[in-house]
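Here is a short report on how one protein chain is packed.

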Amino acid sequence: MKTLVKYQLVIFSPIFLTVLVDSTAFADYQAAYAAYRNGNFTETLRQLEPLDQQGNPHAQYLLGEIYRDGQGVPRNLNTATSWYRRAAKQGNESAQLALAQMYERGEGVQQNYAKAAYWYQ
């Protein structure tokens, strides 16, 4: 019986760690988003930086929003497009829509209807 329990811990521990890491990242994103909603963009940027380094597509999308609207940073459509693209490539649907609109309108990128259509799909 002791052997069986030991092996169950070994088998299930990576799943537990994955859930723990994902829930921590989600909590960190929620804190960053709360700061964003409260208009505290300096704090938002501080909290999003480590999430971006972890490749968090939600954080990358929110960074695109911040740069598109110039919230706490100078407005920069090229930088916004770059953030949207990083998140869109990871399947973030909000970023895919935003990127499609940028290509359709020629904002931050050269207008390209084929690329817009690709990201709209």
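## Terms and basis

Axes are lines fitted to C-alpha atoms, for helices over the stretch in contact, and angles run from 0 to 180 degrees between N-to-C directions. Helices (H or I, at least four residues) and strands (E, at least two) are DSSP runs, numbered from the N terminus.

This is a predicted model: local features need pLDDT of at least 70, side-chain atom pairs count only at pLDDT 80 or more, and totals for chains, interfaces and linings use all residues. Residues are numbered from 1 along each chain as its sequence is written, and side-chain values use heavy atoms, with hydrogens and water left out.

## Overall make-up

The protein has 6 helices and 0 strands. Of its 121 residues, 33% count as buried (under 20% relative accessible area; exposed is over 50%, partly exposed in between; 1.4 Å probe, protein chains only). Contact means heavy atoms within 4.5 Å. Among contacts with a separation of 6 or more, 34% join residues 24 or more positions apart.

## Pair α5 and α6

Helix α5 (residues 93-105) and helix α6 (residues 113-120) cross at roughly 165°, and their axes come within 8 Å. That makes α5 roughly antiparallel to α6 (over 145 degrees; under 35 is roughly parallel, 65 to 115 roughly perpendicular, the rest oblique). The crossing is left-handed: the near helix is turned anticlockwise from the far one by less than a right angle.

From α5, the contact uses Gln-96, Leu-97, Leu-99, Ala-100, Gln-101, Tyr-103 and Glu-104. From α6 come Tyr-113, Lys-115, Ala-116, Trp-119 and Tyr-120. By class, the contact has 8 nonpolar, 2 polar and 2 charged residues. Here Ala, Val, Leu, Ile, Met, Phe, Trp, Tyr, Cys and Pro count as nonpolar, Asp, Glu, Lys and Arg as charged, and the others, Gly among them, as polar.

## Pair α3 and α4

Helix α3 (residues 57-69) packs on helix α4 (residues 77-88) at an angle of about 165°, with the axes 8 Å apart. α3 is thus roughly antiparallel to α4. The crossing is left-handed. Contributors from α3 include Pro-57, Tyr-61, Leu-63 and Tyr-67. Those from α4 include Leu-77, Trp-83, Tyr-84 and Arg-86. The contact has 9 nonpolar, 3 polar and 3 charged residues.

## Cores

A nonpolar core is a set of buried Ala, Val, Leu, Ile, Met, Phe, Trp, Tyr and Cys residues joined through side-chain atoms within 4.5 Å. The largest has 14 residues. Tyr-61, Tyr-84, Ala-88, Ala-95, Leu-99, Tyr-103 and Trp-119 touch the most other members. Two or more residues each come from α4, α5 and α6. The largest share, 6 residues, is from α5.

Beyond four places in sequence, Tyr-103 contacts Arg-85, Val-109, Gln-110, Gln-111, Asn-112, Lys-115, Ala-116 and Trp-119.

Arg-86 sits in helix α4. It counts as partly exposed, at 38% relative accessibility. Arg-86 touches Asp-52 and Gln-60, not counting residues up to four places away in sequence. Its C-alpha lies 8.0 Å from that of Tyr-61, 25 residues away in sequence.

Arg-75 is in the loop between α3 and α4. Its relative accessible area is 57%, so Arg-75 is exposed. Leaving aside neighbours within four places, Arg-75 contacts Tyr-67, Arg-68, Asp-69 and Gly-70.
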